[in-house]
Amino acid sequence: MNHEKATLSITGMHCAACAARIEKVIGRQPGVVDIHVNLAMERASVVFESGQTGLDDIVTRVERLGYGASVYDDTLPSIDGEDFASLEMFLFSAALTIPFILQMLHMFNLTGVPRVFQNPFVQFALATQIQFVAGGKFYVGALKSLRARSANMDVLVVLGTSSAYFYSVWMMFKGSSDQLYFETSSILITLVLFGKILEAKAKSRTTDALRVLAQLHVKNAHLIHGEHETDVPIQQVVVGDLLMVRPGEKIPVDGQVVDGESSVDESMFTGEILPVHKRPGDLVYGGTLNEHGALRVLAQRIGADSALGQIIRLVEEAQTSKAPVQRLADTICGVFVPVVILLSFATFVFWYVVLKAPLSVSLQNTSAVLLAACPCPLGLATPAALVVGTGRAARQGVFFKGGVQLEQLHKTKVVLIDKTGTITHGRPMITDILLTSHPSIQSQRQLLHLAGSAELSSGHPLARVIVEYASQYTRPVDPTEFLSFPGQGVRATVAGQQVLVGNLRLLKEHDVNVSGLPSCKDEWEKGGKTVALVAINRRIAGLIAVADTIKPSSRSAIRHLQALGMRVVMVSGDNVKTSNAVAREVGIGDVLAELTPEDKVRVIRHFQRQRYSVAMVGDGINDAPALAAADVGLAVGTGTDVALEAADVALIGADLEGVVQAILLSRATMRCIVQSFSWALLYNGITIPFAAIGWLNPLLAGAAMAFSSVTVVLNALRLKRSKLRV
């Protein structure tokens, strides 16, 4: 089966019932495999079989339901025009509502009201414009909803306000002027419009992370043609183009430096404050800042294929996906509106038929039930928190692939952490240098010069480390004689002196007296370090220790994980001695060493059988099987393309603190969802009974409904700035 995935922009949704209806109807369409509608983002993520249906068919079906639909085109949509139209309609409605507000204040002797506004026909003229012009969108939405054999918030608003409006019209033509409720319907529509503006404004703020990421895209590039440069739109750049990046400019695409040297600020990817030095052959990423020095860059990945494009796609997918906790809200919202309509009908029957109350009282209480029972808070609780939570995570270099992973991570009890490249840097570095009493060597610089020169022609990884380190302090020279001994080391002649660099066996075979080796050699090797012995003219001159060093943040990050109640286990393919040494240094008690990738998967299955939720932290390459097997896989590393594909959560940066931040953000987001969901249920649990027994005026019901939706979104926005403490 040929499955395709697409994102649609959906307009015209007013509440969670709208989103649930789209999912229900489109999900039943032949060829549609899966669909998730995000009310807060106004988008739908669709998976379909291209052989059975197409995007045009899906868009057409959504439009038949009464909503606008179009293919999302990878540019962040602006809702400013829609916001302006909504604001205009609110101001129009508010201006016409002022006389009704004055009239209400007059009832409490708070202010006077011009006599003209006390005329029933003037009130009728004002209320009619509010009801059908300002409130026309609710009638259109309700009609489309009913045509689709469902009901949404528009239906509730129309039923609630229309009952007050048409009852007042009827009473006006009967000649009664003391049972008019034009102010009720008018003020309610104005309040609902105002609530929608606040809600839309709050929801738009939840997409700040995507807006910031979108702004990182470079709009133009300097294209090199021979000796000439041409400024072209970034859309015209193709793979293989040669681009010039001047100092102070953002790098337009992912590519390879072919000429020039500079420092590049890659903090947006790695989180590292210090810029990274780039020279020919090095990779650079689009959106990063070239600080000084001109670079010629060969374009390799552009647009959606670039690291920045993948990150934006990842954030979008996470924000349009659903956490499992939302399924309960969707189920409730799907049946909520029909149940409310039945409750409102039962309220009318109870007051008018059973209690023999006046028609005006019965209609007022019925309207209050309809207006109080808005399902929006229930529907917004999860997506709003998810959008804000994943957005904040993205700004901190933590990228969730979806709501499922975000929710699952907060349940984690066991964290397995790979050693090499995760706890450690993943590359050998010189950690210790010790000089012995040798007449030719008076300083470490002299030792490094001879050792680095001797190793200059060697291709051994250890040799490269020594040469690179020595080059920071001296300039190694080519030896006049060089001989490599596999498994032992090298022998070379440097400046007329015979230099041996290697292990104990090499020195013994060249008749070097090793009886007086310093005791630190054994201590270094017990600590997992590799020790290179340096002998000059058959006499030991010094020792150089090389090891894969621990990242500075690893110790504190592991302490924080343990403080969060996690059982931290180090899993490594390295030998037991080295693994135990690293574990002791970072404070991990559980160590499993000499594991193959398959062994790591078996360890995960072992914990899962004991009902533990397991997170696996690795570098996203050799740990791919374990990352996939874990309940949540977290890839740590600067290899962004690999990390984004290998795990459920990508941490752009080689810092284990990102794991701590991911767990804290997961817990904070889920806490926010529970708070908002509880508030929404409490709101409906209180307001509906109060409205049904006549204790809640329709005006107050409408205001409370608008306030409830805004409160839920504002609670989600707190995630942006809330402090995450271990």
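**Exercise 1.** At roughly what angle do the axes of helix α20 and helix α25 cross, and within what distance do they come? Then classify the crossing.

*Solution.* The model is a predicted one.
Step 1. Two packed helices are described by the angle between their axes and the distance between the axes.
Step 2. Helix α20 covers residues 554-563 and helix α25 covers residues 657-692; their axes cross at roughly 25° and come within 8 Å.
Step 3. Angles under 35 degrees count as roughly parallel, and α20 and α25 are therefore roughly parallel to each other.
Step 4. The crossing of α20 past α25 is left-handed.
Step 5. From α20, the residues Ser556, Ala557, His560 and Leu561 meet Glu657, Val659, Val660 and Ile663 of α25. This contact is made up of five nonpolar residues, two polar and one charged.

**Exercise 2.** Find the order of the strands in the four-stranded open sheet, and say which are edge strands.

*Solution.* 
Step 1. The order is β2-β3-β1-β4, with antiparallel pairing.
Step 2. β2 (32-38) and β4 (68-71) each pair on one side only, as edge strands.
Step 3. On average, neighbouring strands are turned by 25° against each other, direction ignored.
Step 4. Strand β1 (residues 3-11) pairs with β4 over four bridges; Ser9 has Ser70 in β4 as its bridge partner.
Step 5. Helix α2 (residues 55-64) lies across β1, β2, β3 (43-49) and β4, at about 30° to β1.

Conventions:
Residues numbered from 1 in each chain as written. Predicted model: local features only at pLDDT ≥ 70, side-chain atom pairs only at ≥ 80, totals over all residues. Heavy atoms only, no water. Axes fitted to C-alpha atoms, helices over the stretch in contact; angles between N-to-C directions. Helix = DSSP H or I, 4+ residues; strand = E, 2+ residues; numbered from the N terminus. Parallel < 35°, antiparallel > 145°, perpendicular 65-115°, else oblique. Left-handed = near helix turned anticlockwise from the far one by under 90°. Contact = heavy atoms within 4.5 Å. Nonpolar A, V, L, I, M, F, W, Y, C, P; charged D, E, K, R; others polar. Pairing = 2+ DSSP bridges.
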